[in-house]
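Have the model open while you read.

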Amino acid sequence: MLTFTLRRLLLAIPTLLLISLVIFFLVDLAPGSPASEIPLTVPPEVRAKILESLGVNQPVWVRYLLWLKQFFWVEPLNGIDAIFGTDYAEGMQRIISYQSRSPVFAIIADRIPQTLTVIGTAYLVGVLIALPIGIYSAYRQYSLFDQLGTVFAMIGFSVPTFFTGTLFIIIFAVYLGWFPTKYDTTLNVTDWDSFLKQLRQMAMPVMVLGLANAAAISRYMRSSMLDNMGQDYVRTARAKGMNERVVVLKHVLRNSLIPVVTVIALGIPSIFGGAIITENLFGVNGIGSALIQAIHGNDLPMVQTLAFIFAILIVLFNLIADVLYGMLDPRIRYD
Amino acid sequence: MKLRTALMGAICVLGSTTVAMAERGADGHVNVLYWQAPSILNPYLSSGTKDVETGSLVLEGLAGFDEKGVVFPRLAVDVPTVENGGITEDLMQITWKLKPGLVWSDGTPVTSADAKFTYEYCTHPEGGCAQAARYEGIASIETPDAETIVIKYTAPKPNPYTAFVGGTSPLLQAAQFANCLGAAASTCTEQNFKPIGTGPFMVKDFKVNDTVELEANPNYRDPAKPAFATMTVKGGGDATAAARAVMETGEFDYAWNTQINPEQQEQMKAAGKGVLLNGFGTLVERIEMNMTDPSPDLAEGERSTTKHPHPFLSDIRVRKALSMAIDRQILVDIGYGSAGRATCNLVPAPEMFASTNTDCIAQDMEGAKALLDEAGWTDSDGDGIRDKDGKKLHILYQTSTNPVRQDFQAVIKDWWTELGVEVELKNIDASVFFGGDAGSPDTFQKFYSDVEMYANNFDGTDPEPYLAQYLCDKIPGPENQWQGENINRFCDPAYDALVAELSTTADMAKRAEIAIKLNEMLTKDSYVVVPLVDRGRLSAASNTLGGVVLNTWDTELWNAQDWFRMK
């Protein structure tokens, strides 16, 4: 198992390098330029100077190598400096955002907590809703509950978050006035009141995303349960006189969870990736809204760095899912 | 009804007395929403409106523009003019005097050295200063004493209200930015996020592309202002959500640039929690005619260049007919509602510079048809499309991707089709269209189409640099990497001569006369530029927020020091 993990980790290095190359060049060569962000009232000479100061005029491969160096060398050193108070990275140029002229990693560090709180909670809520629905739908296949669960999943799957988000705002904020439409990112949770306030402002984004997440996972859970319900060992368990509760929740559920856990693990990078539309709609200052604002502003370093971080997370969680799979199911160990 | 009016009057009186008695910070907190979130608060490193305007709460210039476009003093004692001796007769020098006893928010004195430093900061060759145009033509800045700033120009400067005037060229504190000159500008994150200023507020916390938290500047020069102790400027979302947060849910007191369609405007007004403010500046949505041939049959490097005049748009009668077929009021109604008005002018304001021409407002389809007939374009084969010498009247009409622009394209296409013109529509992503990439065929400068539509405006109140964009030597082409501003490839020696005259004229009345003439030469005399809609600003303010005056000549937050809570 250890050799398998090590081999996979080593293999990840060339994969990630290739991904970094593809991402950097795709973003760079895509049409659009930071120049389009400069208003037409700025004369061409001034415009040219601004672009030069951003470093846009260097050849693309020079920028790629510089970016790689900054990503794998300067930024980790900066991280060490920030944690231990050292000054290894003193004077080294960090990856600078075009829009804010500040280090990209500082912005990311600033935004990760919000994304983890809001999107992470939504994911958790989604999983907690999805598992019971999936289990009971499978146990009572074609019952009214199963049909309702299917309708719920269909809605969650097919209605985009920008629609549910706006709908929720109109219902819960405009008509009922229960929740604020804009997330207050300056709120510090210090006491019971501010905690309640935090819950209220998280409610809508969490509902919107929870619905979407729950839809997908409940379907996986249901089909995995159905696969197992018909198995011989279930019949054996029942024949041995075990009650339904033990059969379903102990035997069937445990075995059915194996693929579902993989699906859940593979979904975790998307928590870090944030939810572009939902974050933007509710004004949650997470990674997703940073990405979309960077895309709108043609802030190439920000887009490239974020996209690459997502790639790293996806590769990493794929590996984790594979390892988890082996641990949960002794039949498919890799050695 | 009378009682109500009387009550309203009483409320107004009460309101004004509260203002008179107000003291700093008495009105608590105010929430402002900029749906395009501020990225940086140093306007010299960003030309984005959102950044400049938020920065203007903290940083101020020597003077600013009020809602009528008139220059008024901020840090200066008064506005220098030739009459009061602040500007020399030869227009080569302007002398500003700082108000006595001015201090930065950290308590240190504001001196003329700060102004000189700001000039050096922005004109540093490696700094990439976004507002460098504001300091153009300056030979040197002298500081004979701590309160006097003398700006000397290399040539007569009829409009000297560019450097240190308005939200786009405020004073920076020399002590704070001393290590940020040139290439070091972008390493100064702390300074760029939390500049020390003289404005009514100072930055407490800044979250990039999200929130700015501000508090009242304890050293603001008027001890009674600002009425608000703290302010939050929140970003994110879109214009509709921003309007809703003020007009329907009342969570925010002010939302910037809430451009929503007329139908939504009515719907949101009905909720009764706020008002939509609109004001008109110089932003004009227009159709630009290509005076050169964009035909793909021509060799690359010759397409849309002055080597080949346009086969039919070089005929003024065709251009005029295309303009006459448009009903501008309908465009306003579908696109902008109260935030737009039909115009025939490239320079719609300030009032003294605006031509009174309204010839184009009324649609004249029959007249347009007659004009095309006269020009020799007739439908000889009966297919509904006019032709001449075997060539069909076919127009490629491009613009950037944007819902309102695509609506405009569709409606204008209908009118032009009725006129007997075959219209092909094209829309290009804004980041490409305005991206200026010399390698892309789709930039608005390359103009590989017959007509194109976009909006443009000018900074401040003086239209001279704007009108000077149409000089012959500013035509984009392969020799200047397509970087010129004369998009139409318009070239008229008489026009060039008049611009030259404008640049040496100091008398305001005379300047206005010339500017109006130049505007007419581009519009009603030649139809090279076909203005459609004068696009106003539309912002939303809560009913409980007092003192808001929408200003289209300077930053929208220009008078945040006068805002107060209506009780």
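Where in chain B does Pro226(B) sit? Look in the loop between strand S8 (211-216) and strand S9 (230-235) of chain B. Keep in mind that this is a predicted model.

- Most residues other than glycine have a negative phi, and most peptide bonds are trans.
- Going from Lys225(B) to Pro226(B), you cross a cis peptide bond, with omega near -5°.
- Another cis peptide bond links Ala349(B) to Pro350(B), and its omega is about -5°.
- To find Pro350(B), go to the loop that runs between strand S12 (340-342) and helix H10 (365-374) of chain B.
- Asp389(B) isn't a glycine, yet its phi is positive, at about 50°.
- That Asp389(B) belongs to the loop between strand S13 (387-388) and strand S14 (391-392) of chain B.

**Around Met202(B)**

- Met202(B) is part of strand S7 of chain B, which covers residues 201-207.
- Leu57(B) is 145 residues away from Met202(B) along the chain, but their C-alpha atoms are separated by 7.5 Å.
- Leaving out residues up to four places away in sequence, Met202(B) touches Val58(B) and Ser105(B), plus Glu213(B), Leu214(B), Glu215(B), Ala216(B), Asn217(B) and Pro218(B).

**Chain A overall**

- Chain A has 12 helices and zero strands, so the α-α-α-α-α-α-α-α-α-α-α-α pattern is what you get reading along its sequence.
- Along the principal axes, the C-alpha atoms of chain A fill a box of roughly 85 × 60 × 40 Å.

**A nonpolar patch on chain A**

- Which residues form the nonpolar patch on the surface? They are Phe162(A), Phe163(A), Leu167(A), Ile171(A), Tyr175(A), Leu176(A), Trp178(A), Ile276(A) and Ile277(A), and together they have about 900 Å² of accessible area.
- Two elements of chain A give two or more residues each to this patch: H6 and helix H10 (276-282).
- H6(A) has the largest share of the patch, with five residues.
- Tyr175(A), one of the patch residues, is placed in helix H6 of chain A.

**Where chain A meets chain B**

- How many residues does each chain bring to the contact? Chain A brings 43 residues and chain B brings 49 residues.
- About 3,500 Å² of area is buried between chain A and chain B, and carbon and sulfur atoms give 57% of that.
- Leu40(A), Arg101(A) and Lys182(A) account for 20% of the area that chain A buries against chain B, which is more than any other three residues supply.
- You'll find zero salt bridges between chain A and chain B, but there are 11 residue pairs in polar contact, counting those with both residues at pLDDT 80 or more.
- Helix H2 (44-54), helix H4 (104-139) and helix H6 (161-175) of chain A each put at least two residues into the side of chain A that touches chain B.
- H2(A) gives the most to that side, with seven residues.
- By type, the residues on the side of chain A that touches chain B split into 19 nonpolar, 17 polar and seven charged.
- H6(A) turns up in both stories: this helix supplies at least two residues of the side that touches chain B, and five residues of the nonpolar patch come from H6(A) too.

Conventions:
Residues are numbered from 1 along each chain as its sequence is written. Chains are lettered from A and ligands numbered from 1 in the order in which they are written. This is a predicted model: local features need pLDDT of at least 70, side-chain atom pairs count only at pLDDT 80 or more; totals for chains, interfaces and linings use all residues. Side-chain values use heavy atoms; hydrogens and water are left out. Contact means heavy atoms within 4.5 Å. Buried area is the accessible area (1.4 Å probe) that two parts lose on being put together, summed over both. A salt bridge is a side-chain nitrogen of Lys or Arg within 4 Å of a carboxyl oxygen of Asp or Glu. A polar contact is a pair of N or O atoms within 3.5 Å; within protein, one must be able to donate a hydrogen and the other to accept it, and residues adjacent in sequence count only if both atoms are side-chain atoms. Helices (H or I, at least four residues) and strands (E, at least two) are DSSP runs, numbered from the N terminus. Ala, Val, Leu, Ile, Met, Phe, Trp, Tyr, Cys and Pro count as nonpolar, Asp, Glu, Lys and Arg as charged, and the others, Gly among them, as polar. Patches are made of residues with over 30% relative accessible area and no salt bridge: like charges are joined within 9 Å, nonpolar side chains (Val, Leu, Ile, Met, Phe, Trp, Tyr) within 5 Å. Accessible areas come from the Shrake-Rupley method with a 1.4 Å probe; for residues, only the protein chains shown count as cover.
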